[in-house]
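This report concerns a ligand and the pockets of a protein. Please consult the sequence and the structure shown here.

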Amino acid sequence: MRAQPTASHFIDGEYVEDDAGTVIESLYPATGEIIARLYAATPGIVEKAIAAAKRAQPEWAAMSPTARGRILKRAADIMRERNRELSELETLDTGKPIQETIVADPTSGADSFEFFGGVIAAGLNGSYIPLGGDFAYTKHVPLGVCVGIGAWNYPQQIACWKAAPALAAGNAMVFKPSENTPLGALKIAEILIEAGLPKGLFNVIQGDRDTGPLLVNHPDVAKVSLTGSVPTGRKVAAAAAGNLKHVTMELGGKSPLIVFDDADIDSAVGGAMLGNFYSTGQVCSNGTRVFVQKGIKGEFLKRLKARTEAMVIGDPMDDATQIGPMVSWAQREKVLDYIDKGKAEGATLVVGGGIPNNVSGEGYYVQPTVFADVTDEMTIAREEIFGPVMCVLDFEDEAEVIARGNATEFGLAAGVFTSDMSRAHRVVDLLEAGTLWINTYNLCPVEIPFGGSKQSGFGRENSIAALEHYSELKTVYVGMGPVQAPY
Ligand code: NAD
């Protein structure tokens with residue numbers, strides 16, 4: 001098996017196996033080939049991982065921020081040196097084209113280690129509060145053992161986006177990747193050890209929806225950060241509430257992308273394609289409801305159709321490939337089912353709409369698909385599809401499109417294309433979302449906060465804001481004179 005790791009779990013600085021766990025087969029989505037066989041964590045493995053994290057954390061937290069930062073920076077350097085190898089593994093794990101993974105996955109993880117290593121070294125300092133004689137000060141203290149639970153669309157990036165701020169702030173982490181993509185996080189654990197991270201601080205255990213609760217319910221865990229769907233988010237938040245753990249929820253979306261008739265049409269088409277077809281549409285913040293103002297609808301659809309038809313679908317390891325398979329057979333079935341619903345409910349199929357005929361029958365491929373004349377009530381306009389299916393809706397005016405854009409339980413992201421900057425700022429101000437873009441889409445550099453509102457979650461990843469979600473404030477009041485007691 002061409003991607004078999006040394007063992008299923010990485011705990012306390014080394015690979016660990018326990019074949020009593022349920023078997024997890026890792027399949028290459030382009031061919032269906034079994035590339036690794038692993039075992040879900042047994043309760044014993046979960047205990048071992050949490051105990052290792054708990055043991056290692058106090059000494060790590062006591063190190064100087066510069067020393068912690070230096071190790072994270074070294075991990076970033078190693079990831080960049082091994083970018084090709086890590087990207088190929090990410091492509092095997094997910095089926096995403098190497099054209100993407102080589103620029104967007106390990107590199108984004110490396111950015112995260114570099115950024116948080118630098119920020120912590122620069123000082124996540126508290127404040128001094130003068131009180132007229134007495135004074136107080138605050139400091140940021142780590143939470144302790146944090147749990148990260150990942151989705152399958154960006155396995156290495158998600159592991160790093162959680163590990164980097166957690167470790168920078170002085171915590172230890174136990175990370176559980178998605179059962180669909182178990183491989184990448186193990187490599188991140190190896191690299192952190194190579195970079196000098198003391199053992200026990202970043203542990204990876206495998207498992208599925210039955211394993212996650214063992215972590216979330218554990219009394220020694222102080223925080224849970226989940227990237228996943230809204231239904232899973234509800235379950236995890238409810239379980240974490242049992243003993244009042246901190247939570248960060250990075251959940252799903254059905255984001256509006258609004259194109260006004262004064263927009264640069266080619267840019268808007270490019271933004272809409274990136275925001276629907278990158279990673280074969282498996283991106284949480286995708287702008288899957290593309291609202292196009294009526295005056296430019298014809299021209300927009302004409303250019304969109306031509307550019308979508310020209311996309312290269314095929315072998316993800318080929319540098320020219322732009323569209324790879326879905327992550328799993330089940331995900332492809334789900335997406336094809338939504339495409340059938342779009343057709344049945346009366347949307348106009350502009351391009352795509354099925355399985356491409358130029359690829360192996362064993363791979364989980366779906367054509368990049370565009371529906372026009374989509375209305376707000378259609379299933380494809382309301383539910384998260386998580387595949388390469390773009391819905392184009394028409395609109396007449398600004399107030400109408402803001403109201404319709406907001407008419408969803410989700411609030412992850414939104415985008416506006418227009419050449420009128422006053423309008424752009426006015427509209428983003430009224431759109432209900434955590435992350436918004438003007439005249440671009442889906443760019444998430446580590447410097448800016450990323451996260452959702454409404455049912456799309458809470459807490460933020462990336463930027464200095466993420467450190468606040470992996471630490472808490474300790475306030476110290478210092479009395480400088482005698483205590484004035486009335487008794
Ligand atoms: P999912 O919710 O099925 O699973 C996510 C993770 O949670 C997996 O590791 C799974 O094993 C685990 N899990 C499932 N049930 C659990 C439980 N009861 N307790 C603890 N853990 C449990 O999601 P998915 O199918 O892996 O990923 C797709 C979803 O993730 C989409 O909805 C997408 O929008 C969302 N997503 C969000 C972001 C973001 O940053 N907002 C990023 C990527 C993906």
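The sections below treat the ligand site and then the pockets of this predicted model.

## Ligand surroundings

The shell around the ligand holds 28 residues, of which Gly-150, Glu-179, Ser-229, Thr-232 and Glu-384 come nearest. By class, 12 of the shell residues are nonpolar, nine are polar and seven are charged. Helix H8 (212–216), strand S10 (223–227) and helix H9 (230–241) each provide at least two shell residues; H9 gives the most, with three.

A polar side-chain atom of Glu-179 is 2.8 Å from a ligand oxygen, and one of Lys-176 is 2.9 Å from a ligand oxygen. For Glu-250, a side-chain N or O atom lies 3.4 Å from an oxygen atom of the ligand. Taken alone, the ligand exposes 850 Å², and the protein buries 90% of that area.

## Largest pocket

The ligand takes up the space of the largest pocket, whose volume is about 1,100 Å³. Its lining comprises 39 residues, with Trp-152, Arg-209, Gly-228, Ser-229 and Thr-232 nearest the centre. Of the lining residues, 16 are nonpolar, 12 polar and 11 charged.

H8, S10, H9 and helix H12 (329–344) each supply at least two lining residues. H9 gives the most, with seven.

## Second largest pocket

The second largest pocket contains about 640 Å³ of space. Among its 26 lining residues, Tyr-154, Gln-157, Trp-161, Asn-442 and Cys-444 lie nearest the centre. Helix H4 (98–104), helix H5 (106–122) and helix H6 (155–168) are the elements that give two or more residues to this lining. The lining divides into 15 nonpolar, seven polar and four charged residues.

Notes. Residues are numbered from 1 along each chain as its sequence is written. This is a predicted model: local features need pLDDT of at least 70, side-chain atom pairs count only at pLDDT 80 or more; totals for chains, interfaces and linings use all residues. Side-chain values use heavy atoms; hydrogens and water are left out. A residue is near a molecule or strand if one of its heavy atoms lies within 4 Å of it. A polar contact is a pair of N or O atoms within 3.5 Å; within protein, one must be able to donate a hydrogen and the other to accept it, and residues adjacent in sequence count only if both atoms are side-chain atoms. Accessible areas come from the Shrake-Rupley method with a 1.4 Å probe; for residues, only the protein chains shown count as cover. On a 1 Å grid over the protein atoms alone, a cavity is a set of points where a 1.4 Å probe fits but cannot get out, and a pocket is an open set with protein on both sides within 12 Å along at least five of seven lines; lining residues have an atom within 4 Å of a point. A molecule sits in a cavity or pocket if more than half of its atoms lie within 2 Å of its grid points. Helices (H or I, at least four residues) and strands (E, at least two) are DSSP runs, numbered from the N terminus. Ala, Val, Leu, Ile, Met, Phe, Trp, Tyr, Cys and Pro count as nonpolar, Asp, Glu, Lys and Arg as charged, and the others, Gly among them, as polar. Grid points are joined across faces, edges and corners, and a volume is the space filled by probe spheres set on the points.
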